[in-house]
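Thanks for coming, everyone. Let me put the structure on the screen.

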Amino acid sequence: MKKAATTICLSAAITLFIFAKPLPQQDSKTRGKALYETYCLTCHQDDGSGVPHLNPPLIKTTWVTGDKKRLVKWVLSGTTDKVEIDGKTYDNNMPPQDYLKDQEIADVLTYVRSSFGNKSTAVTAAEVKAVRATIK
Ligand code: HEC
């Protein structure tokens, strides 16, 4: 009996070991999607298409796909100006997103730069840190 119990326990342990794999580590883009939904979606919409005349799209704009430093600086600083983006003006303000950590900005921008049809390279926390240092 004891042997049977041991065998059952052992096989249960082995089964657990095989099937209870740790969750795959979330990558930057996955974390960025969640951040986007929390901090950006209300204005830029879930497909990044924005709201005409109010909030610009994040689809293949020169800001999103262009120089990473300029993009990071933008997101950290926001703006209250009426800004022209790819030939159209938008009246709403973008609040500074500087309360987000370097890694969070990196993740959300990695998500934005590789979603909505965008195919630009990832942004790293180190890159965000470097830009933040120039703003303060
Ligand atoms: C309250 C609304 C609002 C929120 C929240 C917001 N934005 Fe914006 N965003 C704007 C507006 C409005 C502009 C256009 C500039 C202006 O008129 O102030 C803009 C412009 C931009 C631009 C540059 C222009 C373009 O379309 O490429 C980027 C990039 C951007 N936002 C990314 C983000 C990201 C990433 C987040 C979340 C971390 C975010 N925004 C959150 C309103 C918002």
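First, the ground rules. This is a predicted model, where local features need pLDDT of at least 70, side-chain atom pairs count only at pLDDT 80 or more, and totals for chains, interfaces and linings use all residues. Residues are numbered from 1 along each chain as its sequence is written, and side-chain values use heavy atoms, with hydrogens and water left out.

Helices here are DSSP runs of H or I, at least four residues, numbered from the N terminus. Axes are lines fitted to C-alpha atoms over the stretch in contact, and angles run from 0 to 180 degrees between N-to-C directions.

Start with α5, residues 68-77, and α7, residues 125-135. Their axes come within 9 Å and cross at roughly 60 degrees. That makes α5 oblique to α7. On the terms: under 35 degrees is roughly parallel, over 145 roughly antiparallel, 65 to 115 roughly perpendicular, and the rest oblique. The crossing of α5 and α7 is right-handed, meaning the near helix is turned clockwise from the far one by less than a right angle.

Who touches whom? Contact means heavy atoms within 4.5 Å. From α5 we have Lys68, Lys69, Val72, Lys73, Leu76 and Ser77, and they meet Glu127, Val128, Val131, Arg132 and Ile135 in α7. By class, this contact of α5 with α7 has five nonpolar, one polar and five charged residues. Nonpolar covers Ala, Val, Leu, Ile, Met, Phe, Trp, Tyr, Cys and Pro; charged covers Asp, Glu, Lys and Arg; the others, Gly among them, are polar.

Next, α5 against α6, residues 102-113. The axes come within 11 Å and cross at roughly 120 degrees. α5 and α6 are therefore oblique to each other. Lys68, Leu71, Val72, Val75 and Leu76 in α5 meet Ile105, Leu109 and Arg113 in α6. That contact of α5 with α6 has six nonpolar, no polar and two charged residues.

Technical notes: Helix = DSSP H or I, 4+ residues; strand = E, 2+ residues; numbered from the N terminus.
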